[in-house]
Amino acid sequence: PQECLSPVQWLGMLIAFGGVVLAISGMAEGSGGAERLKGDLYGLLAGIAWGASTLVIRTTRLAECPAKQTLLCQLTGACVLLSLPALATGNLHFTLSPVAWYSLLFQTVVVSFFSYLIWFSLLRRYQASSLGILTFMTPVFGILAGVVILGEPLQIEFVLGAVLIVLGLI
């Protein structure tokens, strides 16, 4: 209850959200159909899960636990929960290409270890309402990675959306 947003913070969040919508709107060209909607649904479910996990951390004893203990709980829970559907659908294999290994290494070390450890440390010190808005930067970094690493074109919708996201954060 003590982490409620002020009207100005809500306005900033709406501006940042509008920036995300604008930033990803240019990606709709040339793609579509059920597969795009399926991906959008998965993205929405991931956002809901992220918010739910933050609420659980802030409203349970995990709020007082060291960040590394919270990380252990998060990763153990995810491993168990995601292993069940993987077993049920037979998705327990992947091609051992260099790209697969680099991707796995990045996801393991950078995403699952460092970024979550930092996030959980920050959640112990700052209000979730103040930190949560930083997640609006996720699509910005994702699209920028596509531009830098994959050579994808930089679209004007992304640039304008990124400006709105930063304005919303400010």
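Let's start at Leu-154, which sits in the loop between α6 (138–150) and α7 (156–169). Helices here are DSSP runs of H or I with at least four residues, strands are runs of E with at least two, and both are numbered from the N terminus. This is a predicted model, where local features need pLDDT of at least 70, side-chain atom pairs count only at pLDDT 80 or more, and totals for chains, interfaces and linings use all residues. Residues are numbered from 1 along each chain as its sequence is written, and side-chain values use heavy atoms, with hydrogens and water left out.

**Around Leu-154**
- Leu-154 counts as partly exposed because its relative accessibility is 49%; buried means under 20% relative accessible area, exposed over 50%, and partly exposed in between (1.4 Å probe, protein chains only).
- Setting aside neighbours within four places in sequence, Leu-154 is in contact (heavy atoms within 4.5 Å) with Val-147 and Val-159.
- Ile-143 is eleven residues from Leu-154 along the chain, and their C-alpha atoms are 8.5 Å apart.

**The overall build**
- You'll find seven helices and zero strands in the protein, so the pattern along the sequence reads α-α-α-α-α-α-α.
- The C-alpha trace spans about 50 × 45 × 30 Å along its principal axes.
- Of the contacts between residues at least 6 apart in sequence, 77% join residues at least 24 apart.

**Surface and burial**
- Of the protein's 170 residues, 21% are buried.
- Carbon and sulfur atoms account for 74% of the accessible surface, which comes to about 11,900 Å² (Shrake-Rupley method, 1.4 Å probe).
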